[in-house]
Amino acid sequence: LQTPSCPCTQNTHTGLDLSVPEYQEIHGKMMSGHVEYHIVVVTRLAAFKSAKHKPEDVVQFMVSKKYSEIEELYQRLAARYPQASLPLLPRKALFVGESDICERRAMFNDIMKFISKDEDLATSPELLEFLVLHSHFIQKC
């Protein structure tokens, strides 16, 4: 997994950029397994920084989430912010192929970009909890 170079946040009004540039298939025993979607977070929001960061610092990190976890966030945001008109969630299916996974990644990317542009959604406790739990590396940009 490559770490992209650290940009400034594009959404200056929210201080948060979210994207889903890739996914990873996790194979289990026999036919089991799942797909994790990599959500890249670039932010200057204090909630994502440690005490050593300055207010102007931009941090970047990645979280890996399964379909069900993204779906849960989506449902929670839709219920709390019905006026938000979130982009469509990809359909749920028992078996998904490579093209379905690629389509899901693109739709999740649209959803995350939408969330990061909306001030209410970008600063919601639901999103904060979703991103902070199980976050991988955090780096100062």
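What is the relative accessibility of Glu-129, and how does that residue count: buried, partly exposed or exposed?

Guide: Glu-129 has 39% relative accessibility, so Glu-129 counts as partly exposed. The cut-offs are these: buried is under 20% relative accessible area, exposed is over 50%, and partly exposed lies in between, with a 1.4 Å probe and protein chains only. A word on the model before going on. This is a predicted model, in which local features need pLDDT of at least 70 and side-chain atom pairs count only at pLDDT 80 or more, while totals for chains, interfaces and linings use all residues. Residues are numbered from 1 along each chain as its sequence is written, and side-chain values use heavy atoms, with hydrogens and water left out.

Now the partner. Glu-129 forms a salt bridge with Arg-76, and their closest N and O atoms are 3.6 Å apart. The pair links distant parts of the chain: Glu-129 sits in helix H4 (residues 125-132), Arg-76 sits in helix H1, and 53 residues separate them. Arg-76 is also partly exposed, because its relative accessibility is 33%. A salt bridge here is a side-chain nitrogen of Lys or Arg within 4 Å of a carboxyl oxygen of Asp or Glu. Helices (H or I, at least four residues) and strands (E, at least two) are DSSP runs, numbered from the N terminus.

The structure holds four salt bridges. Another of them also involves H1. Lys-92 and Glu-71 join through their side chains, at 3.0 Å from N to O. This pair too links distant parts of the chain: Lys-92 is in the loop between helix H1 (67-80) and helix H2 (98-117), Glu-71 is in H1, and the two are 21 residues apart. Lys-92 counts as exposed, at 56% relative accessibility, whereas Glu-71 counts as buried, at 18%. The side chains of Arg-91 and Asp-100 form a further salt bridge, at 3.5 Å from N to O. Arg-91 is exposed, because its relative accessibility is 59%.

The loop between H1 and H2 also holds Ser-85. Its phi is near 50°, a positive value in a residue other than glycine. Most residues other than glycine have a negative phi. Ser-85 is exposed, at 57% relative accessibility.

H1 and H2 pack at an angle of about 35°, with their axes 12 Å apart. Axes are lines fitted to C-alpha atoms, for helices over the stretch in contact, and angles run from 0 to 180 degrees between N-to-C directions. The crossing is left-handed. That term applies if the near helix is turned anticlockwise from the far one by less than a right angle; clockwise is right-handed. H1 brings Tyr-67, Ile-70, Leu-73, Tyr-74 and Leu-77 to the contact, and H2 brings Arg-104, Phe-108, Ile-111, Met-112 and Ile-115. Contact means heavy atoms within 4.5 Å. By type, the residues of this contact divide into nine nonpolar, no polar and one charged. Ala, Val, Leu, Ile, Met, Phe, Trp, Tyr, Cys and Pro count as nonpolar; Asp, Glu, Lys and Arg count as charged; the others, Gly among them, count as polar.

H2 has a span that fits its length. At 1.5 Å a residue, its 20 residues should span 28 Å, and its end C-alpha atoms are 29 Å apart, which agrees. The expected span is 1.5 Å times one less than the number of residues. The buried residues of H2 are Ile-101, Arg-104, Phe-108, Asn-109, Ile-111, Met-112, Ile-115 and Ser-116. They pack against strand S1 (16-27), strand S2 (33-43), H1, helix H3 (119-122) and H4.

Beyond its neighbours within four places in sequence, Pro-21 is in contact with His-38, Val-40 and Arg-105. Pro-21 and His-38 are 17 residues apart in sequence, and their C-alpha atoms are 6.7 Å apart in space. Pro-21 is partly exposed, with a relative accessible area of 47%.

Last, the whole chain. Four helices and four strands make up its elements, running β-β-β-α-α-α-α-β from the N terminus. Of its 141 residues, 40% are buried. Among contacts with a separation of 6 or more, 65% come from residues 24 or more positions apart. The Glu-129 to Arg-76 pair, 53 residues apart, links distant parts of this chain.
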